[in-house]
Every structure is written in structure tokens, then in C-alpha cells.
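Colleague: Before I use this model, I would like to go through the labels attached to it. For each one, tell me what the label rests on.

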Amino acid sequence: MTRRGLKQLAGRHLPFLAGGAGVGGIAAAVPWPWTVTAGVACAVAFTRGPRAERIRERFAALSGPATAAAAKTRARTTTRRAEQSIPERWPSLMAELGFADAAAGAPTLDAVTVTPDVIDAQVTMPVKWGPGTWRKYAAAVSGALGGQEVDVQVEPVDPRDPGAPRRLGLTIDKRGLPDRYAVDSPPAFLVDEQRGDGVPVGVGVAGRPVVWWIDERPHLAIAADTRTGKSAFLRFLISTVAAHGCTVDAISGKTATAEWHNLDQLGGVTYHRNATAEFVAIREATELMQARYAEFDRSGTWHGVTPHFVIIDELAQWIGASKAKGRMEAAQAAFNLVSQGGEARIHFVGATHRWNLDQLGNGQASTAREQMGGIQIGRASRDALRMVLGDDMDPDVDADIPDLKGRAIVGSLGRGLGTQVCQLAYLDRVGAS
Ligand SMILES: Nc1ncnc2c1ncn2[C@@H]1O[C@H](COP(=O)(O)OP(=O)(O)O)[C@@H](O)[C@H]1O
Ligand SMILES: [Mg+2]
């Protein structure tokens, strides 16, 4: 592994923290049931598009007016019948959806599995289909089959042949994401030979764990309005990494973060409650990073380096509201960890109302993009989402997520992992640790 040069963050102010609401994120789905290492993984959840709506209307029209209850029963029966015969119905479904144009090439269904909760379909796509087309296709098919969320994975039919058609794996989740995802103890890390350590952060389509791969994306930008579950998620995150033996400096821009009151009881966690302690913590994290670099220079290996997390809640408030001198310098030092700390396993997590990573000057923006995953908790405008997700954001992602605590759009939580909707985990009992 090569050592990144130690760069300095320039600028007297921190323009990437914008006022207002919203952020974006980067997320990862555990590659099941498809292997995605060679392919592209992305997820969409926009089954409410105009086309899906039209299809739904058409289905409704088929069942006639009658009473609401009768219509419901008929819809259920129709859906059941539809599911039973999905392979037979596929050509006509394609025609209905407008994807059966032979000139443009028609997708062919290779395999389909239907359970009461999930439809898994594998489809070979026409060679000329790009991401825009397959995402629209996924959404339309999902909408027509009554899906709540759809997860899309793409890989070449023959990985050795770059010109080969690609196979589209669709997981259509009929239940949708759970409204809440409470856990009563911190889950174990996932370990992947390629990706390294993975911190489970929530649940995605078809009940798949959503994982933040900290060795691929060492840092995390979290954006959320007040009362969306930001601090509760951070408490979950802190407890989880601490349970895995990592060390954590927890800092909050709020004077009293009740969610965190008992974090100190966890081994390895220090919840700093005053500016002096916070500054010392950030300085020591920087020194730890430098010591690790020095050790790496000496031994040529990062072996045995335990992840250390610097986690700042209410970041903008923390920087702005304090009368304490030196807060800006401390913030700069904290952000230096983003460009420099990853390889040394010093991880920065910042939560605030709104991020704008594009505003990081002097080459910091692209570094931040390479290094940071992103999580937008709660709804945000497309612009707010893009500010934190940048080019990693799936342009078709449905930003119109339900207004639920812990419901999030996450992005790039690992290399090559796209944007998806996720229900973030939280620890149910305040006393849980
Ligand atoms: N994922 C979640 N599911 C259900 N309730 C939650 C979730 N996250 C937080 N809450 C509850 O919502 C309230 C606000 O959460 P909090 O984390 O303090 O929000 P924020 O830090 O965004 O202002 C708390 O009472 C918390 O227990
Ligand atoms: Mg909070």
C-alpha cells in the first residue's frame, strides 16, 4: 500500500458545510444472491414513476369498479395469478411496458423465483442498454409486479468477453423496507476478503444488510434534519464499532446529547463534553495517525492497526456556535483526517444538516469523494443529495422516501457500490450498549 502525501486543508472557513437540510450518502448491499464483484451494483426505489403509475392504473381498470373490498380481493387474486405465471406473462408484460421493441432489442427472462415477499428475476439485456434504460426497466417491471423497492445488479453474461450482453438481476421486494429496524445489541462486523471490514448500518431491499466497508470508504458524511434519528444512528454506530474493539472519540455540537449519555460506559469510547477535551482528542487522533504512518514507514505494514473513529454530531453547530477559541483550527485538523487518515485507519464521521463536498477546495473534493461514504437520513432535495453523493449518486434514485425516522438514502459505502434506500439500525433500549 502506498502512503498518501500529507496534504493540508486550505481555507479559513469550511464552505462544504451548507446551511439548511439534506445530504447524501454512499451505501453498500451485501452481494446476495448475486455476486457483484465483477459487476456493477446499484439500487433503485422509484416504483412510483409515471410509467409504473400507468401500469397500476391499467391493472386497476382490468379489475373493474365494484366495491373497494371486491376490487382489493380481485387485485390480490390478479397479483397472485400474475406471479404464478410470470414467465408466461413476460412477453406480454414487456409489450405493456414498452420494452418489447425488437428493433431496439428486447430483454429476455432467464430465470425467475417468486416467494410471497420477493421476486427475483434474471434478465439478459440488449447489448445497447445503458444504466438509464435498465433502471427505468427495473422500476417499470417492479411497479407492474407490485414491488415496493427494487434492487438492481448488473454483470456480464460472460465476464471474459467485454462485448458480451449483460445480465440484470432484479430483486423486487413486495413488502418494502421495515418502518423501523431496532436491534438490542450491536451486530458483529462483516469481513470480506476483498473489501475488508464492514460495519452493518441497516437493512435494504429484500432484507439485505446494508454495510459500510470502512477499509474502502474510510470516512462518512451524514446529513439529516433534526429529529430524523441522526444521533440515535450515531449511538448505534459508536456502540457497534466499540463492541468490535475499535476506539472512539465522540463529540457533539449539542450541549446535551441524551442519546449518548451512557456511551462512556462502553470500553474504548470517550464522549468529550467540553471544548478543551475535544481539541485534545482531535490532536491526539492526529498524533495517533502520524505515529501509525511512522510505524508503517519503519515496518512497511499496516498490520494490527485497530480502527479509531472521530465522530462529530451536529458538526456545523459544533464549529459555529462555540465561543471557544480554536474551534475552527480543530475542525481543520478533524478534516485533515479525511484526506490523510484512511490508510492509518483513523476514521472521521461527521453529521450535520447539509454537506457540500464539492466546495472542498484544493483537490480536497475529489479526495473526499474517494474516501467518504454518505448517508442522507430523511428526505432531501435532489440538489442536497447530489452535494454529498456527487457523481456517485444514481441520477434516477427516488429522493421521495417516506418520512420515517432512520429512513435513509445511502451511497458509496464501498467501492463500486451505488445509491440505495435503507432503514438504518438503532439500538432500541437507551441503556443498550
Ligand atoms: N431508527 C429509528 N427508529 C425509531 N425511532 C427512532 C429512530 N431513530 C431515532 N428514533 C427516536 O426518535 C427521536 C429522535 O432521534 P434523534 O436521534 O435524537 O434525532 P436527531 O439526532 O436527528 O435530532 C428519539 O426519541 C429516538 O429514540
Ligand atoms: Mg441529534
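**Ligand, cores and sheet**

Modeller: The shell around ligand 1 divides by class into 4 nonpolar, 5 polar and 5 charged residues. Keep in mind that this is a predicted model.

Colleague: Which residues come nearest to ligand 1?

Modeller: The shell has 14 residues, and Gly229, Lys230, Ser231, Ala232 and Gly406 come nearest. Helix 5 supplies the largest share, 3 residues.

Colleague: Why is arginine 227 called exposed?

Modeller: Arginine 227 has 10 C-beta neighbours inside 10 Å. The label exposed applies at 12 or fewer, so arginine 227 counts as exposed. Arginine 227 lies in the loop that runs between strand 10 (219–224) and helix 5 (230–243).

Colleague: What is the phi of arginine 227?

Modeller: Phi is near 65° there, a positive value in a residue other than glycine. Most residues other than glycine have a negative phi.

Colleague: Serine 412 also has a positive phi. Is serine 412 buried or exposed?

Modeller: Serine 412 has 30 other C-beta atoms within 10 Å. Buried requires 20 or more, so serine 412 is buried. Its phi is about 50°, and serine 412 sits in the loop between strand 16 (407–411) and strand 17 (419–424).

Colleague: Why does aspartate 173 count as buried?

Modeller: The cut-off is 20 or more other C-beta atoms within 10 Å. Aspartate 173 has 22 C-beta neighbours inside 10 Å, and therefore counts as buried. Aspartate 173 belongs to strand 5 (residues 166–173).

Colleague: What does aspartate 173 touch, leaving out residues up to four places away in sequence?

Modeller: Aspartate 173 touches Val118, Gly147, Gln148, Glu149, Val205 and Ala206. Aspartate 173 and glycine 207 are 34 residues apart in sequence, with 8.6 Å from C-alpha to C-alpha.

Colleague: What makes a set of residues a nonpolar core?

Modeller: The members must be buried residues of the listed nonpolar types, joined through C-beta atoms within 7 Å. The largest such core here has 79 residues, and Ile238 and Ile311 have the most contacts inside it. Helix 5 gives the most to this core, 8 residues. A second, separate core has 23 residues, among them Val141, Ala144, Leu168 and Ala206. In soluble globular proteins, nonpolar side chains tend to be buried together.

Colleague: Which residues is isoleucine 238 in contact with, leaving aside neighbours within four places in sequence?

Modeller: Isoleucine 238 is in contact with Val248, Ala250, Leu263, Val269 and Ile311.

Colleague: How do you know that strand 10 is covered on both faces?

Modeller: His219, Ala221 and Ala223 lie on one side, Leu220, Ile222 and Ala224 on the other, and all are buried. In a regular strand the side chains alternate between the two faces of the sheet.

Colleague: What makes strand 10 and strand 15 a pair?

Modeller: Pairing takes at least two bridges. Strand 10 and strand 15 (residues 372–377) are joined by 6 bridges and run parallel, so they pair by that rule. Isoleucine 222 stands opposite isoleucine 375 in strand 15. Strand 10 also pairs with strand 14 (residues 346–352), in the parallel sense over 4 bridges, and there alanine 223 stands opposite threonine 352.

Colleague: Which strands are joined to strand 13?

Modeller: Strand 11 (residues 247–252) runs parallel to strand 13 with 6 bridges between them, and valine 248 has phenylalanine 309 as its bridge partner in strand 13. Strand 14 is joined to strand 13 by 5 bridges, again parallel, with isoleucine 311 opposite valine 349.

Colleague: Why is strand 13 called mostly covered?

Modeller: In strand 13 (residues 308–313), 6 of 6 residues are buried. His308, Val310 and Ile312 point one way, and Phe309, Ile311 and Asp313 point the other way.

How values were computed. Residues numbered from 1 in each chain as written. Chains lettered and ligands numbered in written order. Predicted model: local features only at pLDDT ≥ 70, side-chain atom pairs only at ≥ 80, totals over all residues. Helix = DSSP H or I, 4+ residues; strand = E, 2+ residues; numbered from the N terminus. Near = placed C-beta within 6 Å. Nonpolar A, V, L, I, M, F, W, Y, C, P; charged D, E, K, R; others polar. Contact = placed C-beta atoms within 7 Å.
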